[in-house]
Amino acid sequence: MFITVSIVILVAIAVGLVRAFRGPTLYDRVLAANMIGTLTVLMVAVLGFMTGRPEFLDIALVYVLISFVSTIAVLRVYASRSSTPGNGGK
Amino acid sequence: MELLLDILSWACLLGGAIFLLIGAIGVLRFPDFYTRLHAVSVCDTLGAGLVLVGLMLQGGLSLVTVKLLLMFYFLIFTGPTAVHALASAALQGKLKPTLDEHEPE
Amino acid sequence: MTELLGHYNYWIVIILMMTGFYTVIARPNLVKKIIGLFIFQTSVFILFISMAKIEGGTAPILEEGISVYSNPLPHVLILTAIVVSLATTALGLALVVRIREAYGTTNEDDIHVQDD
Amino acid sequence: MEYLIDIVLLGLLMITGFAIVRMRSLLAVAMLTSIYSLLSASLFVVLDAVDVALTEAAIGAGISTILMLATIALTSDEEKAPKHTPLLPLVVVIATGAALIYGTLDMPHYGDPTAPVHQHVASTYLHDTPGDIGVPNVVTSVLASYRGYDTLGEVTVIFTAGIGVLALLGYRTRRRNIQGPGIRKLVVLRVIAKLFFPLILLFALYVLFHGDYGPGGGFQAGVIFATGFILYALAFGLGNAQRVIPHQLLRIMAAVGVLIYAAVGIESMLLGGKFLEYRVLADDPVTGQHLGIMLIELGVGITVTAVVLIIYYGFVSRRD
C-alpha cells in the first residue's frame, strides 16, 4: 500500500518536473518547485513507514520549512528585480 | 478495531494519492499559470492532508503522530501562503506585460 | 541484469558529475559555473552515500531488534562535506558579486576582452 | 522496492541536471537547482543516510539556493551563449566520463555487504558506540566524538568562510527598510512568518539537542535557526531583522561557537585526558561523552547560525 502511494508520488514529481522544465513563466517554475517540495515531504514520510522506521519524520518537517522559505525567497528576489529599472526583466 | 483502522487508513492514503495525481495532471494540463494554481492547491491541502491522516492512523498514539500533526499544521499554513504569495506576485508582475511574456529559453 | 543494476548508481553519478564538469568548463557565465560545481559536488555526495548502503540495512541509528545497519562513516564524511560545500559556494558567489562590480559583467568571455 | 525508488529518483536527478545545463535563464536554473537538491536529499533518505538528507535539504535546497538567488539579484539573469563551440569541452567530458565508468566496473556491487568500505573502522564504530558513548545515533557519535578533530576543522572552515565573505562583500547597516513591491501588501505572509518564526527556532533547538537520538545535530540545527531569521528578514525586511539579531552579535557568536568547541577540548586536557577526550568531563565516562557531545554540538550550532546569517546579510545588504 505504501508502495502504491510512493509510486503515485514519484509519478506526480515527474509530472511536476515537466512543468518546471517547460515553464513558460518563472512563476510556473516556482509553482512546480513548490509542488515538488510538498510531494517530497510526503514521500519521505511514506518512506519512513515503508522501511519501518517512521521516527525520522524530522527530515520531512525540515523539508516543509525549507521549501516554504525558498519559495518566498525567489518571489522576493524576483519582485525586487523587476522593480529596479534597467535591471529587471527584459 | 485494528482492521477497521487499517481499512480507514488505506482509504485515506489511496484517496490522498488520487488527489495528488489529479493535482499533478492539472499542473501539466491547465492552460495558464492562474489555473495551475488551483491544481497545486489540490495537492497541497487535500492530497497531502489525506496522506498524512492515513499515516497518522497507521502511527497510532505516539510521537510519530505528534510529528505528523505538526507537519499537517505546517503544510496547511505554508501551502496556501506560498500559493497566495505566488499569485499576488504574478498579479503584480502581470501589470507589466513584458514580464508576462518572459520566455526564459 | 544484476551486473547492470549493481553499478547503476555509480553510472548515474558519473553522468551527473560530467554534467557539472561540462557546465564548469564550457559555460562562460560565472554563476552558471558555480551551479555546475554544485551539481558536481552533489554527485560526489551521492557516490559516497551509495557506497555506504548495505542491502537490507537501515539507517545507522541503533535500535533494539535491528542487526544490519548501513555504514555510518561515509555519512559522517559527507555531512561535513555538505557544510564545506556551503562554504565554497558562498565564497564563490561572493567573488562573482565582486567581479561583477569590477567588470560590469559575469561573462567570462567579456572579462577576458576587458583584460586584454 | 527501494531499488525502484532509487532508480526513478536517480533518473529524475539526471534529467534535472541536463535541464540545468541547457537553460539560459539563471533564475529558472536556481529554481531547478533547488529541486535537484531536494531530489538528492530524498535519495539520501532512500539510501539510509538520514543525517545527510537533513543537512542536504537545509543547506543545498535552502541556503545555497537563497544565496544563488541573492547573487542573481545582484548580477544579471541572462546567460549569454558561449563564443566558442563547446566541442573541446564535450570531448574532454566524454573521455573523462568513459574512463570513470570503466573504473566503476571494478567496484563492488551496490549494496554489497562484503565491500571493502564496510570492512574496517565502520563495524568498530557500530559495535563500540553503545558501550563507549551511549548514544543511539552512530553518525553523531562518530562525528562528534570519534572524529572530533575533523569536526573542529569543519567548524573552522565554516568560520573562515564567514570571514572570507565578510572581507569580500563587507557589510552595511541598514536603517530604513526597503520593501519590494511584491511583498509590501502581503499581510498574509507577515502573519504566517510571525506565527512560524518561534516554531522554527523551537524546532531548531529540538534538532540540536535530539541529535543524539535521531537525525540532527549542530550543523543542521544552525542552518534551520538561520533559516528562521532569513524568513523573518524576507517578510519584514533586512533592517528589522538586523534589529532582532544585530551584525555585531553575529560576529561575536561566530567566534564564540568555535571557542566553545576548542574550550571543551582544552578542558578535557586540563582534567587529565587527551584533547577532545570527553569521558574525563564527568565522573562517569558515558555521562562525560554525553556532556562533551552536547557542548560541542552547541558550539557548532552557534557558529553555523552566525556564519550563515553573516553571509546572508553580506549578500543582501550589498544591493543598492
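Q: At what angle do α1(A) and helix α1 of chain D pack?
A: This is a predicted model, and the helices in question are α1(A) and α1 (residues 2–22) of chain D. Their axes lie 11 Å apart. The packing angle is about 5 degrees.

Q: Are α1(A) and α1(D) roughly parallel or roughly antiparallel to each other?
A: The angle between the two helices is about 5 degrees. Angles under 35 degrees count as roughly parallel. α1(A) and α1(D) are therefore roughly parallel.

Q: How many charged residues has the contact of α1(A) with α1(D)?
A: From α1(A) the contact draws on Ser6(A), Ile7(A), Leu10(A), Ile13(A), Ala14(A), Leu17(A) and Phe21(A). From α1(D) come residues including Leu4(D), Ile5(D), Val8(D) and Thr16(D). By class there are 13 nonpolar and two polar residues, and the number of charged residues is none: no charged residues.

Q: What area do chain A and chain B bury between them?
A: The size of an interface is often expressed as the accessible area lost when the parts come together. Here the contact takes 46 residues from chain A and 46 residues from chain B. On the side of chain A, Met1(A), Tyr27(A) and Leu31(A) lose the most area to chain B, together 15% of what that side buries. For the two chains, with 79% of it on carbon and sulfur atoms, the buried area is about 4200 Å².

Q: Which residue of chain A forms a salt bridge with Arg36(B)?
A: Two salt bridges are found across the interface of chain A and chain B. In the one that involves Arg36(B), the closest N and O atoms are 2.3 Å apart. The partner in chain A is Asp28(A).

Q: Why does the pair of Arg36(B) and Asp28(A) join two chains?
A: Over all chains, the count comes to nine salt bridges. Arg36(B) lies in helix α2 (residues 33–59) of chain B, and Asp28(A) in helix α2 of chain A, so the pair joins two chains.

Q: Which helix gives the most to the side of chain A that touches chain B?
A: Between chain A and chain B there are six residue pairs in polar contact. On the side of chain A, α1 (2–22), α2 (26–50) and α3 (57–83) each supply at least two residues. That side has 31 nonpolar, eight polar and seven charged residues. With 14 residues, the helix that gives the most is α2(A).

Q: What area do chain C and chain D bury between them?
A: The contact takes 78 residues from chain C and 98 residues from chain D. In chain C, Lys53(C), Leu79(C) and Leu86(C) lose the most area to chain D, together 8% of what that side buries. Carbon and sulfur atoms carry 75% of the buried area, which is about 8100 Å².

Q: Which residue of chain D meets Glu101(C) in a salt bridge?
A: Chain C and chain D have two salt bridges between them. In the one with Glu101(C), the N to O distance is 2.6 Å. The residue of chain D is Arg318(D).

Q: From which helix comes the largest share of the side of chain C that touches chain D?
A: Chain C and chain D have 21 residue pairs in polar contact. The helices of chain C that each supply at least two residues to this side include α3 (30–52) and α4 (72–103). By class, the residues of this side divide into 49 nonpolar, 19 polar and ten charged. The largest share, 24 residues, comes from α4(C).

Key
Residues are numbered from 1 along each chain as its sequence is written. Chains are lettered from A and ligands numbered from 1 in the order in which they are written. This is a predicted model: local features need pLDDT of at least 70, side-chain atom pairs count only at pLDDT 80 or more; totals for chains, interfaces and linings use all residues. Side-chain values use heavy atoms; hydrogens and water are left out. Contact means heavy atoms within 4.5 Å. Buried area is the accessible area (1.4 Å probe) that two parts lose on being put together, summed over both. A salt bridge is a side-chain nitrogen of Lys or Arg within 4 Å of a carboxyl oxygen of Asp or Glu. A polar contact is a pair of N or O atoms within 3.5 Å; within protein, one must be able to donate a hydrogen and the other to accept it, and residues adjacent in sequence count only if both atoms are side-chain atoms. Helices (H or I, at least four residues) and strands (E, at least two) are DSSP runs, numbered from the N terminus. Ala, Val, Leu, Ile, Met, Phe, Trp, Tyr, Cys and Pro count as nonpolar, Asp, Glu, Lys and Arg as charged, and the others, Gly among them, as polar. Axes are lines fitted to C-alpha atoms, for helices over the stretch in contact, and angles run from 0 to 180 degrees between N-to-C directions. Angles under 35 degrees count as roughly parallel, over 145 as roughly antiparallel, 65 to 115 as roughly perpendicular and the rest as oblique.
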